[in-house]
Amino acid sequence: MRNIQSEYLPDLLRGNTDILLLSLIDEMGSTYGYQMIKEIERRSRGFLQCKEGTIYPALRKLENDGFTKGEWRVLPNGQRRRYYQVTSSGQRVLAKKLAIWQEFTAAVNLVFKPIKS
Amino acid sequence: MLTEVISYLHQIKSHLRLDPTTEKQIIGELYTHFQEKVSEQQRFGINEKEASRQAIKSFGQAKTIARLFYEAHSKGSWMDALMIGLPHLMVAILFASHLWHHYVVAPLVFILIVSVTLFGWWSGKPSWLYSWIGYSLFPLLLVGYISRSIPGQVISFLFWGEAMLPSLWSLTLVISSYIIYTWIIVRTTIRVVKRDWILASLMLIPLPILGCWLYNVEQSGNVLINSGVVIHQWDGIMAFALLILGITSLVFIRLRQRIIKFLALVILSSITFTIVAHNLWGDIGFFSVIALAIFMLLYLLIPALVESRVGHGEKGSDNWWQDIQIDYHSTTT
């Protein structure tokens, strides 16, 4: 029997990677790819384990769409890291998407477990 | 950093097909990711080789990651779309106003096109540049085609003894200009192919259509001397065709997926070529339409064939790994 979780979960994640990343960057103020990967895993208690390589193109897409702004910073050990911050346009999109997401999950939950009138 | 990670990053880079600066930044960002990931795993007691292997496994397939990066960067802005459509529009206006034959306006337009091309070439080769390059190459083909009678005379004299030999200086001039033109066209095409063969296909789309038109005009009289109604009879259809090519370029730059970009190029340019051929050569049958579409498909695939021979990566990018290490390596990891 095929593992349903391994098929269904990536589909769910794929459609929501941008809102996850935007929300994390917005909350953390300024963050970088590897920190976000670890934070998603930590907050979801290991449930959300996306292919790490898909996070970076998603971050680039958000930046090219003008929702985030990336900048290189040099660390004390000489290493360079690319940090991302949410732009005002990204904040507006995030607010709209979060509202839709909350309405969507509420509606889905109602379908799964309807309110008895 | 272990050779497995270096080789993995090399695989991603070989499939990116973006401008060198963006490619370098992407690989730099991934390099720092692997540095941190491997160091963290080592702190948990995993040896470097195993940590690198796990880091690569959790990252995903190199080709898929490269495709996602390409799609994240390949969609141009509306300003890029305007810029990429502009040379098509300018030449279409030249045809629509019958001014392509004007001895001041036409050279001015081509000088402008060549100037913008050179500016774009030396300022990081933005994605809109490639339609400008196509039109910049056309005057070279035009001059080469018009001056073909001189080498033709030599061939006739040598093989059939029919024509008179042209003067030595004119022959030297024509042959040396042929060598220079061929060098410029081949060198430019290879440089573009090394960046991304699909951009070379975009660059080359106006040439067969302009070539067909030039052939027809030459059949009706000399393109430089004759200014009568005869040689202007196809101006309307050429303006329309170049307008479609402008829209094709615009669609191309606004799409993200590579395969859709290529299909848009093949389908729209085949339609354009068919419309032009129908107007230039009279009624063409169903099989001719199919033949034209196959011709366009093969023509647009030539850069892919060239890429398989010359490889990917612009001049100077062979040292990319050393550059990444210098720019992104930490001193304490």
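## Contact between the chains

In this predicted model, the contact (heavy atoms within 4.5 Å) draws 27 residues from chain B and 22 residues from chain A. Between them the two chains bury about 2,300 Å², of which 50% lies on carbon and sulfur atoms; buried area is the accessible area, with a 1.4 Å probe, that two parts lose on being put together, summed over both.

Residues are numbered from 1 along each chain as its sequence is written, and chains are lettered from A in the order in which they are written. Local features need pLDDT of at least 70 and side-chain atom pairs count only at pLDDT 80 or more, while totals for chains, interfaces and linings use all residues, and side-chain values use heavy atoms, with hydrogens and water left out.

## Salt bridges across the interface

Chain B and chain A are joined by 5 salt bridges (a side-chain nitrogen of Lys or Arg within 4 Å of a carboxyl oxygen of Asp or Glu). One of them pairs Arg256(B) with Asp65(A), whose closest N and O atoms are 3.2 Å apart.

## The chain B side

Helices H2 (20–43), H3 (48–59), H4 (62–73) and H15 (320–328) of chain B each supply at least two residues of the side that touches chain A, helices being DSSP runs of H or I with at least four residues, numbered from the N terminus. The largest share, 11 residues, comes from H2(B).

## Confidence

Within chain B, confidence is lowest in H15(B), at a mean of 65. Where pLDDT is low, the predicted coordinates should not be read in detail. For the complex, the predictor gives an ipTM of 0.86 and a pTM of 0.82.

Notes
pLDDT is the predictor's confidence in each residue, from 0 to 100.
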